[in-house]
Number of protein chains: 4
Amino acid sequence: MLGAPVWSSVRQGLSRGLSRNMGGWASGEGRKVDITGIYPPVTTPFTATAEVDYGKLEENLHKLSTFPFRGFVVQGSNGEFPFLTSSERLEVVSRVRQAMSKDKLLLAGSGCESTQATVEMTLSMAQVGADAAMVVTPCYYRGRMNSAALIHHYTKVADLSPIPVVLYSVPANTGLDLPVDAVVTLSQHPNIVGIKDSGGDVTRIGLIVHKTRRQDFQVLAGSAGFLLPSYAMGAVGGICALANVLGAQVCQLERLCRTGQWEDAQKLQHRLIEPNTAVTRRFGIPGLKKTMDWFGYYGGPCRAPLQELSPAEEEALRTDFTSNGWL
Amino acid sequence: MLGAPVWSSVRQGLSRGLSRNMGGWASGEGRKVDITGIYPPVTTPFTATAEVDYGKLEENLHKLSTFPFRGFVVQGSNGEFPFLTSSERLEVVSRVRQAMSKDKLLLAGSGCESTQATVEMTLSMAQVGADAAMVVTPCYYRGRMNSAALIHHYTKVADLSPIPVVLYSVPANTGLDLPVDAVVTLSQHPNIVGIKDSGGDVTRIGLIVHKTRRQDFQVLAGSAGFLLPSYAMGAVGGICALANVLGAQVCQLERLCRTGQWEDAQKLQHRLIEPNTAVTRRFGIPGLKKTMDWFGYYGGPCRAPLQELSPAEEEALRTDFTSNGWL
Amino acid sequence: MLGAPVWSSVRQGLSRGLSRNMGGWASGEGRKVDITGIYPPVTTPFTATAEVDYGKLEENLHKLSTFPFRGFVVQGSNGEFPFLTSSERLEVVSRVRQAMSKDKLLLAGSGCESTQATVEMTLSMAQVGADAAMVVTPCYYRGRMNSAALIHHYTKVADLSPIPVVLYSVPANTGLDLPVDAVVTLSQHPNIVGIKDSGGDVTRIGLIVHKTRRQDFQVLAGSAGFLLPSYAMGAVGGICALANVLGAQVCQLERLCRTGQWEDAQKLQHRLIEPNTAVTRRFGIPGLKKTMDWFGYYGGPCRAPLQELSPAEEEALRTDFTSNGWL
Amino acid sequence: MLGAPVWSSVRQGLSRGLSRNMGGWASGEGRKVDITGIYPPVTTPFTATAEVDYGKLEENLHKLSTFPFRGFVVQGSNGEFPFLTSSERLEVVSRVRQAMSKDKLLLAGSGCESTQATVEMTLSMAQVGADAAMVVTPCYYRGRMNSAALIHHYTKVADLSPIPVVLYSVPANTGLDLPVDAVVTLSQHPNIVGIKDSGGDVTRIGLIVHKTRRQDFQVLAGSAGFLLPSYAMGAVGGICALANVLGAQVCQLERLCRTGQWEDAQKLQHRLIEPNTAVTRRFGIPGLKKTMDWFGYYGGPCRAPLQELSPAEEEALRTDFTSNGWL
């Protein structure tokens, strides 16, 4: 429960959120905000005593700002959002908003387990500067999270959110795939603009693109490991952990895909698969942060219970980058 | 972050927590608190506008107090704890403490995703009257929640907790089984007294009992569906959702198991399997709360995104009780 | 297709199969054959050149015959039946029949993927001396093996089989649990006498016992790892790989369960869990055969593609026996 | 055991198999046979009494021969091979060989559970006219089918096979993914020419292409549902159940991919996803055969235990085709 000020500012945040980013989409006439492009889901830096290190966060953003990203995602799974307090979550959004260029999009992960908490977090994040809310599927009661429950949840959030909503399906973390029929229904909501799909099933991505083709609905690949085939299937961008360390390469892959240079794209995509797996499924955020340290960013420690890599894991992580020519 | 007053009261809570329940275990001499017996994991009642209804909570506790339970669990999975704010979580513990008999145990679910938040919640719950903390496995980053990470997490919590800690493994919700080797290591911690295992694999339960036989380590079955075979394998109690509606029967089953009346126990156990599955895996908390309404308790609505049962589901739920002679 | 002689002998086999084993069950009056008790699922010994070694098979049977088993199972999963030709499968049944005592039961695994092949194999096995057919669920098309398909399959087999049929559900190998509703329907077939359930979910075992209580339907635990809790839930026996090496102990556990000595049973059960897991889930048939070599039986090699244990695996296997006092 | 004649003809079959198809690959100089292109995995037609209907098989082949397929696959999963006897398996290969054009490739599924049986079946299939053997992973003992076991299995088969070997990974049926490291090792075998990968994970497909780029190793998509993204990742063809009913469309999709017309390819791919899922994962072979009846082929019944579709399933199947404009 974040208190009265949040609610009183809804109207204000609403107008702000809808008026900023016009890209290729004219929002006033019922078209949805354009979210195409590449986003790194930024990590949350911590000090040695596990405090959020906002200075390091800003330094990382500065370095990342040299790449042609469409914007930044905060508090995706890589942001360790389940380990942050509500006020830390908002402070991170606020700091990133201030540190980043005005013409880039800030997508903020506002998902909580309850619908009510998600609505409140979304409102608050809009208030502190998020351009869109990325809302992960609630998952603790996954046995009851059928299409009806999820449609209800997202509809409520999108109805009340002053900023556009991006669905977020990440089965590796939630044990739950947002069902295609629910996505199709939700794509018709005027305030739901797209989905980040991290499951890696590009047939599913193609089907979502196909079945939402009459809506302004945008699909973003949730990982650099299947960015090319996702583009081939109709995705329009990606939110890629790997972009935190190989930002230029992921942006180049996007450009090759967008401009139809599929052969070069394939070669580049191939070399990104193992590094991508290493900083996601295989070694998780500890692996991503360790790699950031190697590539000139601040990675630093994770909050517990996430542990540092073992020496053997670190060695394997390094090999996944060296064997593909990135280190 | 729950603030300074919590920390300042740690020592006070510590002495209180360790001094109250002596049962058959003498705490001062290194023996652990006795948690044997049956506990209903109480639900959190909500009003029609989704506020916690503390009055109904107390009414339910009153009715449940007629059964020979060892105590009550609050904020197990059935308590919808992921939908409660921190202050609601504490208030529920406080109210239940006041409403229940002093000679019964109050086990409070204090698990959060981060170690730090879990420690703080545990301290606060101790302060408001919990006798022991039941700590669910963190799960969002389950790909990295190996034995090392989980041992680190629980050790930290147990080191700092003023009250005994009960491990809690519930793979249906978390997608994660606390590994047996981690349980065995943790069983040696002086402030970890047992585990609630809801996975339903009684071979695993037997193995845990066997490998912790030299510690005062107590295994509680996490569901009434396998209470008898868990006793047969060496468990000493159960935390059973079904006890919220068939409290007498679950206590009777416990008594039959404890006194070696296995034939009668078997007959009773058989008749509890389908009702138990109905209020847990099959229909979840909405099913449990609907059944509570039938049995004279206050069930009421769940918080969103959990939805009410459909009429067809409600009919199937009813059949699972009538066909076994309970309605 | 096994040819005409098989079919011409159906009637003969039928009468023989029904008339031999009367145990506590009077078959003529509609009661089903009594299959209660313990069975080792015997392995198929191979020579160094991967031929079936019938001499070693007989030697093993001889040694096993000193234990109070109810009978023997051939061509359960431990018999490497998918690696045997049709004629080898029949020859194994025939040799075992001749080598074993007449008053013991011979259960032969006759399952094939198609209904037709299963029927033919069942007929042939009856002809060469099987007392009952143990029929594994077909599984290659598991996506279509719903209750209707499985009920059709087993009904056809049981209709045409001259010997009683035992259902066999082993999800670790087949990726498929025979649904409880299918088991309940099939329990009403006069020629289906029971089920071997290897899944390890004793709640399910209890439910099957409960829902078939009006039929003469017998549930056998599929593994020694959950033999005690299965008995506690109403099972009447077990088909246990571990009985190939710890025959006396498994029979003793059965006796303790049957006579209600649950405390002693529990202690013994506990010490069997790790050795049981080692020769089943953990190290498979190569582990079982290696252990047989240690315990004075002939284990020998498996047929390819099953490989020998690595030295590290063999060491871990040994530890699972020594740490529980069996080696 | 298929008998002596098979073995005596090995040399003969060997020379024949290696000399026929030269495509773009010069076999004598160490290059592998070219298997690029599209293949329908043909179904096995049965009469009303469940006999193989070789006449209908030939009729279907005749109709399919009008499309620019690279060849035909027999006894893939859609061929109901686990339901055929050894002699039926060989007769089907023989009949198809005779019915089809000499310049098309015949890939025959020769996989069995044991290595020995697979070798023998491969030899026999080569003898009756198969150009290459498609070998599914053994799977009944999947718990022990690690990379070492699978490398051993395929190496043995490839060493002894007179015709090239295509690996076949189909986790929906086998519960087993052939590990990437095993594929990479096996790609170096001179008689292993490629893999049919039906798992649908195109990141994996890309990684296999990448890590085998120094071998002549060809990856075929195992389903039309991800044909386009597989091409985008470097696959060179597909073995697609859907090609049995939408042969022209699948070939057109292949042509669009091969010639870089990705936009048109995407539109066509989108419209094939639901029909493809319907005839594979959703309704299995009964769905495929029912659709064949609609499209002018002979589908007919499956062998038991596979059952006909229910009326509701048939209706849903039809919708998956009509809603995409194919019926």
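Me: In this predicted model, does B:Tyr140 count as buried or exposed?
Reply: The cut-off for buried is under 20% relative accessible area. B:Tyr140 has 6% relative accessibility. So B:Tyr140 counts as buried.

Me: Which class does the ring pair of A:Phe81 and B:Tyr140 fall into?
Reply: A ring pair is described by the distance of the centres and the angle of the planes. Here the centres are 5.3 Å apart. The planes stand at 70°, and over 60 degrees counts as edge-to-face. The pair is therefore edge-to-face.

Me: Where does B:Tyr140 sit in this pair?
Reply: The pair crosses between chains. On the chain A side, A:Phe81 is in the loop between strand 3 (71-74) and helix 4 (86-99). On the chain B side, B:Tyr140 is in the loop between strand 5 (132-136) and helix 6 (147-160).

Me: What is the relative accessible area of A:Phe81?
Reply: A:Phe81 is buried, and buried means under 20%. Its relative accessible area is 9%.

Me: Which residues form one aromatic cluster with A:Phe81?
Reply: Both chains contribute rings to this cluster. Chain A supplies A:Phe81 and A:Phe83.

Me: Which residue has A:Arg271 over its face?
Reply: A:Arg271 lies 3.9 Å from the ring centre. The cut-off for a charge over a ring is within 6 Å. The ring belongs to A:Trp326.

Me: What kind of axis relates chains A and B?
Reply: Chain B can be laid on chain A with an RMSD of 0.0 Å. That takes a turn of 180° and a shift of 0.0 Å along the axis. The copies are thus related as by a two-fold rotation axis.

Me: Which residue of chain B comes closest to the rotation axis?
Reply: The distance is taken at the C-alpha. At 3.4 Å from the axis, the residue is B:Gly175.

Me: Why do the copies meet through the same surface?
Reply: Compare the interface residues of the two chains. Those of chain B are also interface residues in chain A, so the copies meet through the same surface. The share is 100%.

Me: What is the relative accessible area of A:Ile239?
Reply: UniProt lists A:Ile239 for "binding site" in an unreviewed entry. A:Ile239 is found in strand 9 (residues 237-239) of chain A. Its contacts beyond four places in sequence include A:Tyr39, A:Lys196 and A:Gly222. A:Ile239 is buried, at 0%.

Methods
Residues numbered from 1 in each chain as written. Chains lettered and ligands numbered in written order. Predicted model: local features only at pLDDT ≥ 70, side-chain atom pairs only at ≥ 80, totals over all residues. Heavy atoms only, no water. Phe/Tyr/Trp six-rings, centres within 6.5 Å; stacked < 30°, edge-to-face > 60°. Helix = DSSP H or I, 4+ residues; strand = E, 2+ residues; numbered from the N terminus. Buried < 20%, exposed > 50% of the residue type's maximum accessible area, 1.4 Å probe, protein only. Lys NZ or Arg CZ within 6 Å of the ring centre and 35° of its normal. Least-squares fit on C-alpha atoms with pLDDT ≥ 70 in both. Contact = heavy atoms within 4.5 Å. UniProt positions renumbered as here; feature names shortened; annotations may be inferred.
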